[in-house]
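Good morning, and thank you for coming. I would like to present one structure today, beginning with the display and then turning to selected contacts.

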Amino acid sequence: MEEKIKIIKNWLGTGSINIFGNPFAGKDTQGEKLAKYFGAELIAGGDILRSYPDKKRIKELMSTGDLFPTNFYLSIVLPYLSKEEIKNKPLILSSIGRMKGEESTILKATDKSGHPIKAVVLLVLSEEEVMHRFESTRNLEDRGAREDDNHEALENRFVKFREQTIPVIEIYREKGLVIEVDGTMPLEQVTKEIINLLYTLASKSE
């Protein structure tokens, strides 16, 4: 495992890995683990949007549900990814650019900032399994109070994932960047499989 991680780190350099999946697929959990293994910075879309000083405009654009204008979105993402404190670090991106059409901006921003996307991790979890996990965590009350943790919101997120995010993933797949991992496996097994698949990618590039 240690040798594989070392090889992956050398291959990754200051590049980035973008993680996608349905709600409850474990994106944040796996993102945190990968960031620790690779000495990477973990970045979520909210982190980037919150960095923009004109909060009112961000809120107005988000309320429409439409894509941000491409040049405007790039003007937010590129400076964030170009920050001096992450200049020499790899990045783990948590579903950055998950709306159809945003992937071109993310590819451009990651390349220009010196963090080219080297892999896209898709955590595969069915909608039925998502609902099962939702009910389990709601009973345990271990996610805190979240506005999007209800059946109607989850159904809406399923639709957005199918209609908006899957097309993004397919574009990355065409570029040979996607690795798929069964999200129903135990947590540690998911992590191990991600490492194994990233190692395979890294080995192919040598």
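Helices here are DSSP runs of H or I of at least four residues, strands are runs of E of at least two, and both are numbered from the N terminus. The model is a predicted one: local features need pLDDT of at least 70, side-chain atom pairs count only at pLDDT 80 or more, and totals for chains, interfaces and linings use all residues. Residues are numbered from 1 along each chain as its sequence is written, and side-chain values use heavy atoms, with hydrogens and water left out.

Let me start with salt bridges. The term denotes a side-chain nitrogen of Lys or Arg within 4 Å of a carboxyl oxygen of Asp or Glu. By this rule there are 8 salt bridges.

One of them joins D47 to R50, with the closest N and O atoms 2.9 Å apart. Both residues belong to helix α3 (residues 45-50), and because they are 3 residues apart, about one helical turn separates them. For accessibility, buried means under 20% relative accessible area, exposed means over 50%, and partly exposed lies in between, using a 1.4 Å probe and protein chains only. D47, at 26%, is therefore partly exposed, whereas R50, at 57%, is exposed. Elsewhere, salt bridges with shared partners join E170, R173 and E180 into one network.

Which parts of the chain does the salt bridge between E188 and K33 link? E188 lies in helix α9 (residues 187-204) and K33 in helix α2 (residues 27-38), distant parts of the chain 155 residues apart. The closest N and O atoms of this pair are 3.0 Å apart. E188 has a relative accessible area of 48% and is partly exposed; K33, at 22%, is also partly exposed.

I turn now to helix packing. Helix α6 (residues 103-112) packs against helix α8 (residues 151-174) at an angle of about 50 degrees, their axes being 10 Å apart. α6 is therefore oblique to α8, since angles under 35 degrees count as roughly parallel, over 145 as roughly antiparallel, 65 to 115 as roughly perpendicular, and the rest as oblique. Contact, meaning heavy atoms within 4.5 Å, is made by E103, I106 and L107 of α6 with V168, I171 and Y172 of α8.

Finally, S113 sits in the loop between α6 and β4 (117-124). With 12% relative accessibility, S113 counts as buried. A polar atom of the S113 side chain lies 3.2 Å from the backbone oxygen of T110. Beyond its neighbours within four places in sequence, S113 contacts L78, L81 and S82.

Methods:
Axes fitted to C-alpha atoms, helices over the stretch in contact; angles between N-to-C directions. Polar contact = N/O pair within 3.5 Å; in protein donor to acceptor, adjacent residues only side chain to side chain.
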